[in-house]
Amino acid sequence: ARRRLLDSNGDYSGTIAILRDISESVRLRQEAADARHLASIGNIASQVAHEIRNPLAGIHGALQVLRRRFPPNSNEQNIFVGLTDEIRRLDGLVTDLQRFGRPLKARWQAFDLCQWMQQITHELTSNYSPAVELQMQMPNELKLQSDTILLKGILTALFDNAVDYHDATDTPTSVQIVITLSVSHAQIDFHDNGPGISHDMVENLFEPFVTTKVRGSGLGLAICRRHVEALGGTVLWEPNGPNDA
């Protein structure tokens, strides 16, 4: 708002301007719009997943019946193996669609984050081949309220993303997790030695169905974002590698 200042004689002597910072209001409106957008996509994803899963199961069953009609070492068996692998990949995509479309509600419980992180990261790293080199920096104890199921989903998505890119380049996967505590929240920093993110990918990095992988669904980081926001947190990307913006 702006008003003219007049002196005692009624002559113009200056202007008063009142400025208000609306950046927080703009940010909140944008977050609300993003939430509505993701909810709409999530509903569509759930419906698509439901429509795909039932016929996919039928196709898989029919293939198993047909497969038994051919000798074990025949060329046809290789075809069936390839088809089964593709069905398994599609089933994984359907699972991701359902995870993304499922409404999330955090189930809060008290636990020690540091102790839990040691257990869950050991479980995750033991599931990958080649083995992931993991380094962790965190306090000895950090008790808080959160949802361990959603947290596990976040870490799984980040590990999957790191390992997938390293599998494509045949380089060892190195992951570093740093946990710090401030007055109001805990922060988990996840670092890996991947190739970095190109400039044109940064803006849509956490959007669903955006990926640079040849056979990726583009839902891993989108699911990660939904889980973080369900916990009342924020997920951010910071440049690090030579290709990063």
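Phenylalanine 70 counts as partly exposed, because its relative accessibility is 34%, a value in between the 20% limit for buried and the 50% limit for exposed. Keep in mind as you read that this is a predicted model. Phenylalanine 80, by contrast, is buried, with a relative accessible area of 10%.

These two residues meet through their rings. How is such a meeting described? A pair of aromatic rings is described by the distance of the centres and the angle of the planes. Here is how that works out for two pairs in this model.

| Pair | Distance of centres | Angle of planes | Kind of pair |
|---|---|---|---|
| Phenylalanine 70 and phenylalanine 80 | 5.7 Å | 45° | tilted |
| Phenylalanine 111 and tryptophan 116 | 6.0 Å | 70° | edge-to-face |

The count of aromatic pairs comes to three. Phenylalanine 70 sits in the loop between α1 (23–67) and α2 (75–101), while phenylalanine 80 belongs to helix α2, so their pair ties together parts that are 10 residues apart in sequence. In the other pair of the table, both phenylalanine 111 and tryptophan 116 are buried.

Tryptophan 116 leads us to the inside of the protein. Leaving aside residues up to four places away in sequence, tryptophan 116 touches Phe111, Thr148, Leu151, Lys152 and Leu155. Which members of the largest nonpolar core touch the most other members? They are Leu113, Trp116, Phe159 and Ile177, in a core of 32 residues. At least two residues of this core come from each of α3 (113–126), α4 (148–169), β6 (174–181) and α5 (220–230). The biggest share comes from α4, which gives nine residues. There is also a second, separate core of nine residues, and among its members are Ile41, Phe100, Leu219 and Ile223.

**Helix α5 and what follows**

Helix α5 is mostly covered, with eight of its 11 residues buried. The buried ones include Leu221, Ile223, Cys224 and Val228, but also Arg225, Arg226 and His227. Just after α5 comes glycine 232, with a positive phi of about 80°. Is glycine 232 buried or exposed? Its relative accessible area is 69%, so glycine 232 is exposed. From C-alpha to C-alpha, glycine 232 and glutamate 141 are 22 Å apart in space, and 91 residues separate them in sequence.

**Strands and sheets**

Now look for the open sheet of three strands, in the order β4-β6-β7 and with mixed pairing. The edges are taken by β4 (133–137) and β7 (186–192); each has a single partner strand, so one side of each is left without a neighbour in the sheet. On average, and with direction ignored, neighbouring strands in this sheet are turned by 15° against each other. Strands β4 and β6 run parallel and are joined by five bridges. Methionine 136 stands opposite isoleucine 177 of β6, and Ile177 is one of the core residues that touch the most other members.

Strands β1 (residues 2–6) and β2 (residues 12–17) run antiparallel, joined by five bridges. How many of the five residues in β1 are buried? The count is zero, and β1 is hardly covered.

Technical notes:
Residues numbered from 1 in each chain as written. Predicted model: local features only at pLDDT ≥ 70, side-chain atom pairs only at ≥ 80, totals over all residues. Heavy atoms only, no water. Core = buried A, V, L, I, M, F, W, Y, C linked by side-chain atoms within 4.5 Å. Buried < 20%, exposed > 50% of the residue type's maximum accessible area, 1.4 Å probe, protein only. Helix = DSSP H or I, 4+ residues; strand = E, 2+ residues; numbered from the N terminus. Contact = heavy atoms within 4.5 Å. Pairing = 2+ DSSP bridges. Axes fitted to C-alpha atoms, helices over the stretch in contact; angles between N-to-C directions. Phe/Tyr/Trp six-rings, centres within 6.5 Å; stacked < 30°, edge-to-face > 60°.
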